[in-house]
Amino acid sequence: MEVTLRIFRYNPENGKKPHYEEYKVTAEPTDRVLDLLEYIKGNFDGTLSFRRSCAHGICGSDAMRINGHNRLACKLLVKDLHGGKITIEPILGLRVIKDLIVDMEPFFENYRSVLPYLINDEPAPKKERLQSSEERERFDDTTKCILCACCTTSCPSFWVNEQYVGPAAIVTAHRFIFDSRDRGAAERLKILSGQFGVYRCHTIFNCTEACPREIEVTQAIGEVKKAIATGDLG
Ligand code: FES
């Protein structure tokens, strides 16, 4: 099938304003959007810049806005876009460095702010800190996050203020807050009840729609809000 890709281009070093360029390619329906980007880079314009690493939906580096929705280019098949024209833009709310590459530092700064690691100063047991299957199940969904930023950069509250910690950071906090082995919940809940915490979420579900791992992001945010309100980690 013939496909036209309309791609956002910006190079701060060539003096041109941000603009879109179109490329016509022949694609198999089962090609991924990433395959087409690789083809264009290899055959039409080697300066086209985008991030990717694993190419299998694991590393989270190729999040981009495809036909208006945040997606991983390596997971999205051409046939699922239902049309001959595909518009590809950088994810929103972060400074564009070049073409489809954005500055992820504000995103990772927010991630670090919620203490994204196990906190437990109690003496370590001989073998390991045990937990039951039910205790592990409590936060299973939020362990699936790959930090691609699809959720956070689809959130209007983040677009307005990048200091809002955003859905991805709250998902990470959730993963530790509800872990029976962790002792840092109170500290994280205090951080998330602050000015740039969970109350900037207005429950519009963009994050849940955008998550390539199908995490129930809005639900996780709701559970953190409830834990702040009630102090209950059940
Ligand atoms: S390239 Fe790793 S998730 Fe797409």
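Modeller: Asp35 belongs to helix 1. The model is a predicted one, and every value below is computed from it. Asp35 has 18 C-beta neighbours inside 10 Å, so it counts as partly exposed. The buried class would need 20 or more. In sequence, Asp35 and Gly57 are 22 residues apart; in space, their C-alpha atoms are 13 Å apart.

Leu34 is also part of helix 1. Its count is 19 C-beta neighbours inside 10 Å, and therefore Leu34 is partly exposed. Leave out the neighbours within four places in sequence, and Leu34 is in contact with Arg52, Ala55, Asp62, Ala73 and Cys74. Take Asp62 from that list. Leu34 and Asp62 are 28 residues apart along the chain, with 8.2 Å from C-alpha to C-alpha.

Now the helix as a whole. Helix 1 covers residues 33-43. Strand 1, strand 2, strand 3 and strand 5 (85-89) are the strands that helix 1 lies across. Against strand 2, helix 1 runs at about 100°.

Five strands make up an open sheet, and their order is 2-1-5-3-4. The pairing in this sheet is mixed. Strand 2 and strand 4 stand at the edges. Each has a single partner strand, so one side of each has no neighbour in the sheet. On average, neighbouring strands here are turned by 35° against each other, with direction ignored.

Strand 1 (residues 2-9) pairs with strand 2 in the antiparallel sense, over eight bridges. Within this pair, Phe8 stands opposite Tyr20 of strand 2. Strand 2 spans residues 19-26 and has eight residues. The number of these that are buried is zero, so strand 2 lies largely in the open. In general, side chains in a regular strand alternate between the two faces of the sheet.

Met64 has Arg71 in strand 4 as its bridge partner.

Domain 1 puts 14 residues into the contact, and domain 2 puts in 14 residues. On the domain 1 side, strand 4 (residues 69-72) gives the most, with four residues. By class, that side of domain 1 has seven nonpolar, five polar and two charged residues.

Helix 5 (residues 166-177) has 12 residues. From first C-alpha to last it reaches 16 Å, close to the 16 Å expected at 1.5 Å a residue. Helix 5 is mostly covered, with 12 of its 12 residues buried. Among them are Gly166, Pro167, His174, Arg175 and Phe176. The buried residues of helix 5 pack against helix 2 (105-113), helix 4 (156-160), helix 6 (185-192), helix 7 (206-210) and helix 8 (217-230).

Two loop residues deserve a backbone check. Most residues other than glycine have a negative phi. Ala149 has a positive phi, near 80°. It is found in the loop between helix 3 (133-137) and helix 4. Ala149 is buried, because 27 other C-beta atoms lie within 10 Å. Thr203 has a positive phi as well, about 55°, although it is not a glycine. The loop between helix 6 and helix 7 holds Thr203.

Last, the chain overall. The protein chain has eight helices and seven strands. Along its principal axes, the C-alpha trace spans about 60 × 35 × 30 Å. Of the 234 residues, 36% count as buried. Among contacts with a separation of 6 or more, 65% come from residues 24 or more positions apart.

Conventions: Residues numbered from 1 in each chain as written. Predicted model: local features only at pLDDT ≥ 70, side-chain atom pairs only at ≥ 80, totals over all residues. Pairing = 2+ DSSP bridges. Contact = placed C-beta atoms within 7 Å. Nonpolar A, V, L, I, M, F, W, Y, C, P; charged D, E, K, R; others polar. Axes fitted to C-alpha atoms, helices over the stretch in contact; angles between N-to-C directions. Expected span 1.5 Å × (residues − 1).
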